[in-house]
Amino acid sequence: MSDFAGVRRSHLWIAALFALALPIGAAELAPPDREAAEAAGLENSADPTQGPAAPALPSGLVRGVTQNVLLIPDSTADRVMAFDPTTGNLINADFIPADPTNLSTPKDAIANPGGSEVWVLDQIDDAVQRYGAGGYLGILAPAGGGNNAILDNATGMTIHPNGNLLVCVQAGANGDSVASFDAGGNFVGDFIAIGSGGLDGPFDVLVRAADVLVSSINTDQVLRYDRTSGAFLDVFASINNFPQQLFEAANGNILVANFGGTQTGIVELTSTGTLVGVYNPVPGGGYRGVYELPNLNLLVTTGTGVFEISRANALVSTKMSGVSGQYIEFAASQLPVGLTEFGVE
């Protein structure tokens, strides 16, 4: 990392701490304070004025029944919500109930390969936490407990086809890398080496059929790497200026949830990185998560809620307001959707 980049990051953390002390909501923070707080995982209040929330649990769902779900952490409430992957509607706001003991800023939640657990990556606690039908199960990675020499300010994650868990690392001795863990949470090295290809502030990692994409918030880019070795290939696209979650659409295009800058919104790129469009109909911007629904509309998250938008740049509906939504992940049907299945009723 260059001296300039180190100074920039230091200034961002100072600005983030100052911004957090101000008694205002995230939508009112002026850049770069808002972006600095976001990069550091320092949560601001959600705006409760975006419209009515969806019902807490639709009729017809009973405890113990399984159904495909979309997992979305609510980083203000330290919980994980479940939404319908077909309609985008809320299924259960407390799929994993609030757990401030083990969660501080939950950023990403995925199902384990067997579908019996949910793994939650927490940006502030620097760990991947395990949840099962009985509730909290402990730290998955790093195995043995938190270790800032391995994970520090961790953000997006995914499971590689080789079975290893890939996690983006922002800071600490292993900062600006994508760390790799085996099924037991043991650190097996960096899949993408520190600073490879100019990587500075990796925020999400997406494995495609032939390569791997990583959003890099401090270089305002999406970078491309070899799917097997993790070696740097090239710059996939430049994004202005805070790319977060990456999603591969049904047609092969790449959707980027972009938090700030002149391209605030969902940036759509072709499979080779050419700009298709930018969609920004949600008041206040600050996009973090994106998922393409079967109707080709997009389910998106911001610090103020979960929304359905169209590629015609229209706000279709507010799925849930007054929550601080993070990344959106599809989870297969092994997961139960009944009331507080992953905690105590």
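Predicted model: local features only at pLDDT ≥ 70, side-chain atom pairs only at ≥ 80, totals over all residues.
Local features need pLDDT of at least 70 and side-chain atom pairs count only at pLDDT 80 or more, while totals for chains, interfaces and linings use all residues. Numbering runs from 1 along each chain as its sequence is written, and side-chain values use heavy atoms, with hydrogens and water left out.

**View 1. The largest nonpolar core, 26 residues in total.** A nonpolar core here is a set of buried Ala, Val, Leu, Ile, Met, Phe, Trp, Tyr and Cys residues joined through side-chain atoms within 4.5 Å; buried means under 20% relative accessible area with a 1.4 Å probe, protein chains only. Phe83, Ile266, Val290, Leu298, Leu299 and Val300 touch the most other members. Among the elements giving two or more residues are strands E1 (69–74), E20 (289–292) and E21 (298–302) (strands are DSSP runs of at least two residues, numbered from the N terminus).

**View 2. Around Val290.** Beyond four places in sequence, Val290 touches partners including Phe247, Leu255, Ile266 and Ile328 (contact: heavy atoms within 4.5 Å). A separate core of 15 residues includes Ala141, Ile150, Ala154 and Met157.

**View 3. Asn253 in its loop between strands E16 (243–248) and E17.** Asn253 counts as buried because its relative accessibility is 12%. Its side chain makes a 3.0 Å polar contact with that of Glu268 (N or O atoms within 3.5 Å, one able to donate a hydrogen and the other to accept it; residues adjacent in sequence count only if both atoms are side-chain atoms).

**View 4. Ser216 in strand E13 (211–216).** Ser216 is buried, at 0% relative accessible area. Its side chain reaches the backbone nitrogen of Asp200 at 3.1 Å.

Technical notes
Buried < 20%, exposed > 50% of the residue type's maximum accessible area, 1.4 Å probe, protein only. Helix = DSSP H or I, 4+ residues; strand = E, 2+ residues; numbered from the N terminus.
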